[in-house]
Amino acid sequence: MTIVRVESGGGTRGPDAETGAVTEAVTGAVSAAEETAEVPGALPEALTGFVGYLLRRVFARFAACSDGPEDDSREFLVLDALTGGDWASQLDLAERLGINRTLMVGVVDRLEGRGQVLRTRNPDNRRQYILSLTDEGRSAVEAGRRAVAARDARLTAALTPEQVPRLNTLLARLLPPGAQDLVQGTEHLVAQAHHRLRRLGDEKLAGTGLRVRHYGPLSLLATSGPCSQQRLAQELAISGPATSQLVDELVAGGMVHRGRDPHDRRRHALELTELGHAQLKRVAEAVGLLAAETAGLLGPGGEDELRALLGRLLEPAHPGAAEATATARRD
């Protein structure tokens with residue numbers, strides 16, 4: 001049994017989703033690109049003050065260290081959630097765990113086939129299934145928890161034994177109340193918190209054609225002036241393909257112009273358009289609102305503390321990250 005990785009593709013949100021699951025509504029392609037986008041290097045100073053940005057970096061780092069199929073992780077999520085008792089609705093459990101409802105059917109089918117879960121019709125609502133954990137399922141949970149703990153220990157080796165539970169406490173504050181205690185594990189909490197903050201930020205930009213992920217390249221182009229795509233990738237510490245995807249989105253949206261680099265005619269120089277400057281103000285406002293909301297969820301002192309802990313987790317791949325995040329301040 002492998003560590004928890006929250007399903008991030010094709011999720012759906014019911015009317016009570018905000019009090020339950022943190023469900024991603026992005027495609028699998030975006031998720032896969034995100035997980036492989038980060039590269040070692042200095043983190044952008046302008047972004048290290050944002051908890052959401054640091055969470056994305058830690059999420060990608062954890063995902064890059066995956067040592068097993070996602071199906072195992074989803075199955076563990078379901079089994080672990082059922083240790084607290086029967087679940088009256090399979091769909092509700094899927095929403096709380098952030099698992100796409102179609103994928104959830106396959107997960108439960110496999111668990112039922114192995115005799116680890118019993119699925120019965122809900123007598124109060126024949127359209128729903130009640131999920132129950134069997135003795136075989138309880139044995140699988142115990143084995144899975146040992147694997148989760150071992151993997152979490154490797155991923156959080158840069159932290160002290162006292163810092164790990166504190167990190168988990170702070171991450172849980174970023175989740176809806178109904179999801180905070182459902183499943184334990186640092187990697188799971190990082191993924192859930194990352195997905196929720198990204199969704200909250202993107203909701204603030206609904207209808208604009210912008211996403212929170214556009215803030216980094218737009219702000220760097222605004223301060224650095226025309227620059228090559230290669231330099232932008234270096235400044236953002238992300239891969240070339242990931243940079244190309246971001247730039248293509250911004251060019252298609254009329255926010256960035258590809259011209260010729262006056263210092264090297266073989267390269268394109270990227271420059272913000274007038275619309276790009278206007279859109280940067282809009283996305284910056286959304287990022288600021290998200291940062292304020294995040295600070296409110298974390299409570300007094302929690303934001304600085306979480307930034308410092310996330311910086312320590314990033315330190316192996318990004319030397320200087322711990323110092324940068326501990327001292328970062330937003331304007």
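Select strands β1 (residues 117–122) and β2 (residues 125–133), which run antiparallel and are joined by six bridges. Strands here are DSSP runs of E with at least two residues, helices are runs of H or I with at least four, and both are numbered from the N terminus; two strands pair if DSSP finds at least two bridges between them. The two strands form a hairpin with two residues between them. Within this pairing, Arg121 has Tyr129 of β2 as its bridge partner.

The model is predicted, so local features need pLDDT of at least 70 and side-chain atom pairs count only at pLDDT 80 or more, while totals for chains, interfaces and linings use all residues. Residues are numbered from 1 along each chain as its sequence is written, and side-chain values use heavy atoms, with hydrogens and water left out.

Next, select Asn122, which lies in β1. Is this residue buried or exposed? Asn122 is buried, with a relative accessible area of 7% (buried means under 20%, exposed over 50%, partly exposed in between, with a 1.4 Å probe and protein chains only). Not counting residues up to four places away in sequence, Asn122 touches Ala88, Gln128, Tyr129 and Ile130 (contact means heavy atoms within 4.5 Å).

Move to helix α2 (residues 51–64), where 14 residues should span 20 Å at 1.5 Å a residue, the expected span being 1.5 Å times one less than the number of residues. The end C-alpha atoms of α2 are 20 Å apart, which agrees. Of its 14 residues, 11 are buried, including Tyr53, Arg57 and Phe62.

Finally, select Gln230 in helix α10 (residues 229–236). Gln230 is partly exposed, at 43% relative accessible area. Gln230 and Ala269 are 39 residues apart in sequence and 9.6 Å apart in space, C-alpha to C-alpha.
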